[in-house]
Amino acid sequence: MRTKQEIMNLIEEEDVEFIRLQFTDMFGNLKNVAVTPGQMERVLSNRYTFEESAMYDNSFVPKKEKSLYLHPDPDSFVILPWRPQMGKVGKFICDVCQEDGTPYAESSRTVLKRVVEEAAQEGYTFMVDPECEFFLFHTDDNGMPTTVTHERAGYMDVGPADFGENARRDMVLNLEQMGFEIESSHHEKSPAQHEIDFEEAEGLTMADSIITFKFAIRSVAKRFGLYATFMPKPQNDTHGSGMHLNITLYQNGKNVFHSDKKGELTPEAAGFIGGILAHAPALCAVTNPIVNSYKRLQTGASAPNRIGYSSCGDNVFVNLHAEKDNTKIELRFPDPSANPYLAFAACFAAGLDGIRNHMDPGRDVAEDEAVLDMLPLVPGTLKEATEAFRKDPLMTKTLGERLVERYCNAKDEEWMAYMSCVSDWEVQQYLHKM
């Protein structure tokens with residue numbers, strides 16, 4: 001871990017003039033305050049304060065609001081490569097703590113750290129490599145995002161058909177300058193849709209990386225006159241964007257998901273998959289957290305609409321990738337609107353619950369496709385997922401009662417706002433008939 005003095009020296013040597021202190025609210029929205037180098041002694045002594053309501057994106061304001069403190073993670077400090085080289089800008093990811101230095105229990109980063117630490121006590125380490133999809137759309141004359149694109153490129157197409165090729169290249173180069181290990185990047189199936197994949201990293205590190213990734217992608221896209229959106233289903237009749245999570249579980253340096261016998265599930269792999277499937281409806285509330293998420297899941301277009309697992313298949317919750325010397329469990333249901341801290345925490349906890357209680361994953365759909373039609377459907381709406389989340393004791397234990405209550409109340413309000421809104425589809429469908 002870097003020391004305070006090392007950070008101060010780096011800021012001076014690199015001529016850093018602004019430092020962003022970043023954290024996320026309950027929904028994974030990035031929050032930020034900028035300070036100058038003259039404030040770094042105070043900042044690195046964990047004395048920067050802000051109001052508690054910032055943790056809830058104005059969806060909840062405590063009756064007696066208290067001050068919270070930002071504790072910068074020294075190892076998260078990076079210089080933003082797309083900012084000016086004269087008078088550079090750096091950033092930290094921060095933990096949110098109370099006045100006495102104890103972690104703020106409703107901080108989603110705190111929740112994930114707690115789950116990771118509990119797993120470590122049993123000798124487990126989670127490694128994750130995500131597949132992050134997003135769209136690049138034009139902006140209007142006022143710089144506001146649209147869903148307009150003029151390209152017609154498809155899966156793994158190249159320029160000139162792929163209009164976003166140059167922007168995507170700059171995104172990758174900027175990410176690598178920030179220390180990301182990028183595995184690959186390519187055009188996805190729908191026009192204007194793209195994917196950038198990371199090398200695997202430990203769970204907390206990867207959640208931090210996803211937050212920084214979204215920030216970087218949006219910032220670079222803006223330089224090209226584009227808007228990057230992680231909305232799961234921004235257009236009709238196109239594929240939605242997912243955030244598939246490839247998870248490996250290690251114990252004492254060994255991948256406990258891997259079996260030398262082809263087609264065999266280890267007890268840990270079987271239990272982990274069983275736990276994910278058992279808690280599936282509740283998990284969706286945090287892995288697919290907005291009304292629009294369910295437009296992606298219900299289409300079935302390369303998105304899972306059945307709660308089951310397969311060693312080969314797109315439309316199920318979980319895929320098992322068993323290679324010669326490595327096995328990963330792919331969760332296909334999460335989408336990029338998720339708060340990665342809460343999504344990881346909930347999924348890790350569900351998997352560990354399955355391992356501890358020897359939960360049965362059921363039959364492999366690849367062995368009998370007739371099983372697919374008998375599998376339960378994913379939640380059809382955010383409301384269904386929120387109700388399952390509220391009733392699942394493991395989610396309450398993992399995230400904490402107060403966070404679950406506030407999260408569910410916010411999602412209830414989101415659902416009611418959606419249901420109260422008259423859509424263009426309704427007008428087109430009913431106005432001339434009624």
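Is N252 buried or exposed? Select N252 to begin: its relative accessibility is 76%, so N252 counts as exposed (exposed means over 50% relative accessible area, buried under 20% and partly exposed in between, with a 1.4 Å probe and protein chains only).

Before you move on, a word on the model. It is a predicted one, where local features need pLDDT of at least 70, side-chain atom pairs count only at pLDDT 80 or more, and totals for chains, interfaces and linings use all residues. Residues are numbered from 1 along each chain as its sequence is written, and side-chain values use heavy atoms, with hydrogens and water left out.

**Stop 1**

Helices (H or I, at least four residues) and strands (E, at least two) are DSSP runs, numbered from the N terminus. N252 is not a glycine, yet its phi is positive, about 55 degrees.

Now select A192, in the loop between β8 (182-187) and β9 (193-198). A192 also is not a glycine and has a positive phi, of about 75 degrees. Its relative accessibility is 1%, so A192 counts as buried.

**Stop 2: H187**

Next, pick H187 in strand β8. H187 is buried, with a relative accessible area of 0%. Show its side chain and you will find that it reaches the backbone oxygen of G154 at 3.0 Å.

**Stop 3: a cis peptide bond**

Go to G159 and P160: the peptide bond from G159 to P160 is cis, with omega near 5 degrees. P160 lies in the loop between β7 (124-138) and α4 (165-177).

**Stop 4: two helices**

Finally, select α7 (residues 280-287) and α9 (residues 340-356), which pack at an angle of about 165 degrees with their axes 8 Å apart. Axes here are lines fitted to C-alpha atoms over the stretch in contact, and angles run from 0 to 180 degrees between N-to-C directions. Colour the residues that meet: L283, V286 and T287 in α7, and L342, A343, A346, C347 and A350 in α9.

Terms used: A polar contact is a pair of N or O atoms within 3.5 Å; within protein, one must be able to donate a hydrogen and the other to accept it, and residues adjacent in sequence count only if both atoms are side-chain atoms. Contact means heavy atoms within 4.5 Å.
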